[in-house]
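Welcome! Please take a look at the sequence and the 3D view, and then we can walk through a few residues together.

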Amino acid sequence: MLSREQIQIKTPQQIRLMRRAGLVVADIHTALREAVRAGITTAELDAVSAGVIEAAGAHSNFLGYHGYPATVCISVNDEVVHGIPGERVLDDGDLVTFDCGAYILDDNGTQWHGDAAFTTVVGGHYRSGTDRLVDTTTRRALWAAIAAVARAAAGEGSGRELRLNAVGDAVEAMVADVAEREGHELGILQEYVGHGIGTSMHMPPDVLNYSVKQRGPRLRPGMVLAIEPMLTAGSPETRELDDGWTVVTRDGSHAAQWEHTVAIVPGGVWVLTAPDGGAEGLAPHGIEPRPLN
């Protein structure tokens, strides 16, 4: 947890390579948003993802990962993460999370990875206010966490505000604020967290979505983090299905996941998996992304 060891620090050129991978992931997101509809199977949506990766000349970092059989994780309603695409047919109102990834190779054959997730509702209309709340809060928590990292990169704040703890503190504060305003306390997953990313999809450090007393590593330029809050509409307790991958809530409550790959650069952040570098998501926080020239 919050290990300071073996955190890969990237050069500006390496971050630019990761931006290329991140834009492939962004294209996967765009294609899936356009394709998702009632009546389509999750296997058909996996084929959409695979087609984007192939057309880009990139590679899937999900397919074959510890035996995972698809290019995208598709988790529906009470499925939180790692849902396997298959024969399931989506219905209007289903709350669906797409967790997507890709990597490119540099001239030396080194892999550079991108990883991002979004949640959407099939047909555009939530079945309940609770579904809307868990989805919108998770997205807001993601951007609050990214903004906290950006402020740390700019040297704003002190103590844990300048460390990796800023991510979990921001997510937990968002959930607490919603509980106070809406009278509904959402669950924060603890078994599944964000991570470092670079020449591998999962690298140190763990990026927790909740506050801990332990002091995390100081945030510094060259770090690249996959920030991914995962919230449930009820209890955060989960269980894994017999397929060895799909994680569902124990109480049947619905869940959402939002994720971006975020590079810390001098004075701020560059959201590598957002086409605009994070401009829209950071604007409500009064922050602009800092793309490398």
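Is cysteine 100 buried or exposed? Cysteine 100 is buried, because its relative accessible area is 0% (buried means under 20% relative accessible area, exposed over 50%, partly exposed in between, with a 1.4 Å probe and protein chains only). Cysteine 73 also counts as buried, at 6% relative accessibility.

Do not look for a disulfide here: the structure holds zero (a disulfide is a pair of cysteine sulfur atoms within 2.5 Å). For cysteine 73, the closest cysteine sulfur is that of cysteine 100, 8.5 Å away, which is too far for a bond.

## About the model

This is a predicted model, where local features need pLDDT of at least 70, side-chain atom pairs count only at pLDDT 80 or more, and totals for chains, interfaces and linings use all residues. Residues are numbered from 1 along each chain as its sequence is written, and side-chain values use heavy atoms, leaving out hydrogens and water.

## Arginine 19

Next, find arginine 19 in helix H1, residues 12-35 (helices are DSSP runs of H or I, at least four residues, and strands are runs of E, at least two, numbered from the N terminus). The backbone oxygen of leucine 272 is 3.0 Å from a polar atom of the arginine 19 side chain.

## Leucine 231

Strand E9, residues 230-232, contains leucine 231. Leucine 231 counts as buried because its relative accessibility is 0%. Valine 89 is 142 residues from leucine 231 in sequence, and their C-alpha atoms are 24 Å apart in space.

Terms used. Polar contact = N/O pair within 3.5 Å; in protein donor to acceptor, adjacent residues only side chain to side chain.
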